[in-house]
Amino acid sequence: MIKYALVTGGSRGIGRAVCIRLASLGYHVLINYNSNSIEAERTLEAVRNAGSDGEIIQFDVANRAQTANAINVWAEKHPDSYIETLVNNAGIRKDNLMLWMEPEEWDNVIDISLNGFYNVTHLLVKNMLVKRFGRIVNIVSLSGIKGMPGQTNYSASKAGVIAATKALAQEVAKKGVTVNAVAPGFIKSDMTQDLDENELKKIIPCGRFGTPEEVASLVGFLVSKEAAYITGEVISINGGVYT
């Protein structure tokens, strides 16, 4: 029986590392991307090198109709299967002080992280409940727990997903579906390449940025059967910078 997992924003960074980790655990990985097909192909190659297989599924998580169409087309081609694991990883930063923040900077961040969570999860959770097994892991952020200046939009979007994680976990737990969130701090990735790592690592007790692979290892545990009694949790992985 093939196990299917969908990773949104799976073409780069944490998303790519999660795809590779899930492949190493035997999943057939659906790699979602929106615009960068070249990086998605590289992720697919890495998934195959990890000993499994996968496929690329293109859609913008912020676009409800596009998301539904892509997932429904996949489901029609796999009538006897379901996506048992979902990692909601897609997200963007549009940092600015609230005083100067343009409406589109607010809307774009909320649409991808928070509305994207709804658009994808809403479509997949029913089959998880019917099959009485499912794993949902939401990649959130230190910003959603602590709040970060210049990231009111990003903090709001991730805090919203954190609250949704806790609520949904209570709705679906009796059917064998767990819902958890992973909150990275400063992780080496495309999303943090514009940050001053040398300066920021001074405030991190571990003295360094984390790696996408470290985040992916935590996700790998949370989707395992060994984590069946963990749900509704927000687990920080931030080198001790904020607890």
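Helices (H or I, at least four residues) and strands (E, at least two) are DSSP runs, numbered from the N terminus. The structure is a predicted model, in which local features need pLDDT of at least 70 and side-chain atom pairs count only at pLDDT 80 or more, while totals for chains, interfaces and linings use all residues. Residues are numbered from 1 along each chain as its sequence is written, and side-chain values use heavy atoms, with hydrogens and water left out.

Threonine 165 belongs to helix H6, which spans residues 152–172. Its relative accessible area is 0%, so threonine 165 is classed as buried (buried is under 20% relative accessible area, exposed over 50%, and partly exposed in between, with a 1.4 Å probe and protein chains only). Apart from neighbours within four places in sequence, the residues in contact with threonine 165 are Asn138, Val179, Asn180, Ala181, Gly232 and Glu233, where contact means heavy atoms within 4.5 Å. The side chain of threonine 165 also reaches the backbone oxygen of valine 161, at 2.8 Å. Between threonine 165 and glycine 51 the C-alpha to C-alpha distance is 31 Å, and the two are 114 residues apart in sequence.

Six salt bridges were found in the whole structure; a salt bridge is a side-chain nitrogen of Lys or Arg within 4 Å of a carboxyl oxygen of Asp or Glu. One of them joins arginine 16 and glutamate 39, whose closest N and O atoms are 2.6 Å apart. Arginine 16 is in helix H1 (residues 13–24) and glutamate 39 in helix H2 (residues 37–49), so this pair ties together parts that are 23 residues apart in sequence. Glutamate 39 forms a salt bridge with arginine 42 as well, with an N to O distance of 2.6 Å. These two residues both lie in helix H2, three residues apart, about one turn of the helix.

Lysine 202 is exposed, at 62% relative accessibility, and glutamate 199 is partly exposed, at 45%.

Leucine 97 is located in the loop between strand E4 (83–88) and helix H4 (103–131). With a relative accessible area of 48%, leucine 97 is partly exposed.

Definitions and conventions. Polar contact = N/O pair within 3.5 Å; in protein donor to acceptor, adjacent residues only side chain to side chain.
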